[in-house]
Amino acid sequence: MKTRLTELVGIKYPIFQGGMAWVAEHKLASAVSNAGGLGIIAAANAPSEVILQEIRNCQKLTDKPFAVNIMLLSDNVEEVAQMVIDEGVKVVTTGAGNPGKYMKMWKEAGIVVIPVVASSALARMMERAGADAVIAEGCEAGGHIGELTTMALIPQVVDSISIPVIAAGGIADSRGVVAAFALGADAIQVGTRFLVADECRTHDNYKEKILKAKDIETDVTGRSTGHPVRSLRNKLTRTYIKLEKEGMEPAKLEEMGAGTLRKAVIDGDVILGTIMAGQVAGLVKKRQSCLEIIEELFNGVYDILKFTKVNGFNK
Ligand code: TUI
């Protein structure tokens, strides 16, 4: 396949693996890159020395391009912003904010910069600031989310800018791939489906929750704190939402959420941990390697284009 994105970052398939906190470390990222996609290491809230090790380990496991996702709400964002330059990282994606203040230093270092946006206003601002592409993420996605759905967001972002758009949020099978490209995207980003990949470190309890999830089983917590997060419903999300409704103050709520993602991903506590996942968790039915996931996603596209009857449109 050849799209503006495969050319821009030098990958075989136009797919990015989501930069999922605690999950997206060097084993997953290098497996995705070796399979022909763009693997992404999530810096998230990790200590700088851990991120440094992750980058170096990834460089040992693949000679293909990979990215580092910088979560702009983290305390050490300044340090990580410099680290990607010092370590020769080729591609940076950002999330959960406006990376405007780092754009100049990254571009001067020759880094391909691809911010996540949740609106066409931020997409335009990023294009003006020198971004090479944007990831437009709809609120079907897992983790920290914006307001708009993928269906509404992608075409409006595509119409607002001339740099390439990567569609994210709600894509877990070939139908989603076709839909994303139909909306004008040049690539996709997939998170939830990679949560059950063989090379993914996520605890088995977490993987089982994803494999058993149904469409209506995600909750959004943190709307009242200004940091909405989508995860699978469990005792923690129920309690959190109840306390939000009762008016618990944002600082206390944030404190209650701290450390809960690690609890689910690493310790496998799926009752009191945060099981971040997108609304497409219900589409994820089997464990596969990253290569199998990527090949299935893209090979399936041709069958859809050949055989799908579009209701009402077939002559
Ligand atoms: O960043 C993500 N997903 C994440 S980050 C994360 S760690 C976290 N944990 C608790 C609270 C908050 C974060 C877990 N999942 N996705 C990318 C994304 N970025 N989604 C939405 C946005 C976004 C939202 C607003 C990007 C820019 C933005 O603009 C704000 C502005 O300043 O204009």
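**Notes on the helix packing and the ligand site**

1. Start with helix H4 (residues 77-86) and helix H5 (residues 100-108): their axes come within 10 Å and cross at roughly 20°. Axes here are lines fitted to C-alpha atoms, for helices over the stretch in contact, with angles running from 0 to 180 degrees between N-to-C directions. H4 and H5 are therefore roughly parallel (angles under 35 degrees). Their crossing is right-handed, as the near helix is turned clockwise from the far one by less than a right angle. Helices are DSSP runs (H or I, at least four residues), numbered from the N terminus.

2. A word on the source: this is a predicted model, where local features need pLDDT of at least 70, side-chain atom pairs count only at pLDDT 80 or more, and totals for chains, interfaces and linings use all residues. Residues are numbered from 1 along each chain as its sequence is written, and side-chain values use heavy atoms, with hydrogens and water left out.

3. Helix H3 (residues 48-61) packs against H4 at about 25°, with the axes 10 Å apart. That makes H3 roughly parallel to H4. The H3 and H4 crossing is right-handed.

4. Which residues make polar contacts (N or O pairs within 3.5 Å) with a ligand nitrogen? Ala 96 does through a backbone N or O atom at 3.0 Å, Glu 137 through a polar side-chain atom at 3.0 Å, and His 144 through a backbone N or O atom at 2.9 Å.

Technical notes:
Polar contact = N/O pair within 3.5 Å; in protein donor to acceptor, adjacent residues only side chain to side chain. Helix = DSSP H or I, 4+ residues; strand = E, 2+ residues; numbered from the N terminus. Parallel < 35°, antiparallel > 145°, perpendicular 65-115°, else oblique.
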